[in-house]
Amino acid sequence: MNGSQSTTVLYLILIAFYTRHVFAEDYFRMGTNTNVAEAMQFLREYDREAASMCYRVTMSQWKFVTNITEHNRRRMAEELALGAKFERLSWRRAASFDGARLPDAAARRQLAKILRSSRAALSGDKFTELQQLISEMKEIYNSAKICPFGQKPYDPHVPKVGQSEGENAAHQQYQLTNQPFQHYQPYQDNPEYPNYCDMQLDPEISRILAHSRIESELLYVWKSFREKTGPKLKNKFIRYVQLANEAAVKTGFRDAGDQMRSAYEDPSLRSSVEEVYNQVAPLYRQLFTYVRRRLLQRYGAPALRPDGPIPAHLLGNMWAQNWKSIMDLVMPFPTAPTLDVTPEMLRQGFTPLRMFQMAEEFYTSLGLKPAPPEFWRGSLLARPRPSPALQCTASAWDFCNRIDYRIKQCTEVTTQDLISTHHEMAHIQYYLQYAEQPQLFRDGANPAFHEALANAATLAVYNMQHLQRLGLYNNKSHDPYEVSMNFLMSMALEKVAYLPFAFMVDQWRWSVFEDGVENMNARWWQMKLRYQGVIPPLPRTEADFDPGSKYHVIADQEYAKYLLSTVLEFQVFERLCAAAAHQGHLHHCLLHRSREAGRLLRSF
């Protein structure tokens, strides 16, 4: 991307993110209560009570995911139910006020945030039905299991050797999905029984798609997972669309997609996002062409055409969104190493605690805040020994009391976990920076911003110059150019390949909210072809409902933020490097110990 394009992209992003074209009252049907003093008193009470409720819910979730027991699950469910009741009551109260009468812009925004983020405009029965639908769709998705390739289905009437009766019931576990406040799923890990039909998306199916190079096996797992999700989810999703649209209209939006976009407070967001994507699309097409040629060398003409789209099952990922797993097939210089410092970390005796201390030192060297004592006392930085049943997905937690911040990560001494450590610590830094804001403003500047800043910080960590400064990388035997090209290709497979998918998911979802549920699956694959250049390896029908194979679609989670955060992270990193007086290639930028970069990051 040249300089003028980069400037244009940044300008569009900044317009979308920081310009408030309209006040919140333009989005909503406001109430008739014009008593300003009463409205301000409500917001003060809400700030106190919402923080207290957030602490209770978050603490119950923390206790559950770090010690998974039936007792903790019940306590968490009770707190979540109270939280939902509080949300509904708060929305009703907020909706009674005429926010346009409030003289303070910050107060108007707080009132608007309460209104736009909820579907409490529905009747009690429909509100409960909608929540139940989302929960049921998550449960179906999370319980999807397939048989191993070439295996016959397991007969449940034939007991597994060594499994006593009632063992599962007595030791049922639960697993948190990819974010701290999402649905919880039954989880079993039976590595001693690999031949039964208990393969889940993570880790077994994802591992096969990432590492198998047998085309028939890739096709089998791609097809089988969709058979266990889409057809079972379609009718529930159709009803979800009806209820979500009804809630949005009653709140004053055109449809549920309009309500989702309102979180960015930019009515032109849709066109801005499309223009941003169109500017980065040429880079994707170049990557696509190169990867297609390499895949053709591996799989041959029967699997794909040299001038056509790529079948979706060949790209190392269930949704063809991240191609990093096929790096072995497309690496520009196969004899040059990848940027992996795990052996050196082990040689130097790194521990999880040392990795977090190193991450904290990175941020304090920029002039940012150290982690508070409560962080070190409360966080789970490594798997305990002996270990209770727990969920290990890395996540950063804000307990909403301006004191307690934690990270949950079963850290291992690897390059990937070193990067993840810095990423999660960046979220903690963001929590610390906005801690004095009202509860409603203790979040990213928009849905994309938290992840963008955390990713921008990790770009500064995962590069050769920084790892050399830490004494973890010293290339003496390979051409630095070849190592750099392999590194940049790996980054492109992860970041550039992701852009069209991150763009098209909500383009599809918004079209469903706007135009209805007819031909949903056909529209999904039309957009996959148009933006990703990807086709299904098998004929698909409306009964298949392939969008249901993506968790965020059925879990009611907005997705455009991932496109915006991926673009924004590089724009932020570029500005940080300029503040650090860096000259040269961006992937050689060093931010460590740059107070100027730290001041700019703090201002973000």
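This is a predicted model: local features need pLDDT of at least 70, side-chain atom pairs count only at pLDDT 80 or more; totals for chains, interfaces and linings use all residues.
1. Residues are numbered from 1 along each chain as its sequence is written, and side-chain values use heavy atoms, with hydrogens and water left out.

2. Let's start with the disulfides (pairs of cysteine sulfur atoms within 2.5 Å). The whole structure holds four of them. With the bonded cysteines numbered in sequence order, the pairing reads 1-5, 2-3, 4-6, 7-8.

3. One of these links is Cys-147 to Cys-197, with sulfur atoms 1.9 Å apart. The link is right-handed, at 95° about the S-S bond. Cys-147 sits in the loop between α5 and α6 and Cys-197 in the loop between β2 and α7, so the pair ties together parts 50 residues apart in sequence. Helices here are DSSP runs of H or I with at least four residues, strands are runs of E with at least two, and both are numbered from the N terminus.

4. Ala-396 has Ile-407 of β5 as its bridge partner. From β5, Tyr-405 and Ile-407 point one way and Arg-406 and Lys-408 the other, and all are buried. Buried means under 20% relative accessible area, exposed over 50%, and partly exposed in between (1.4 Å probe, protein chains only).

5. A disulfide also joins Cys-392 and Cys-410, left-handed at -65°. Cys-392 lies in the loop between α15 and β4 and Cys-410 in the loop between β5 and α16, so the link connects parts 18 residues apart in sequence. Cys-392 is partly exposed at 22% relative accessibility, while Cys-410 is buried at 14%.

6. Helix α24 (residues 595–603) has Ala-597, Gly-598 and Leu-601 as its buried residues. Seen down the helix axis, they fall within an arc of 100°, so they line one face; the arc is that of the directions from the axis to the C-beta atoms. Their cover includes α17 and α23, where contact means heavy atoms within 4.5 Å.

7. Finally, the buried residues of α21, among them Trp-524 and Trp-525, pack against α8, α9, α11, α20 and β6. After α21 comes Gly-533, with a positive phi near 70°.

Notes: Two strands pair if DSSP finds at least two bridges between them.
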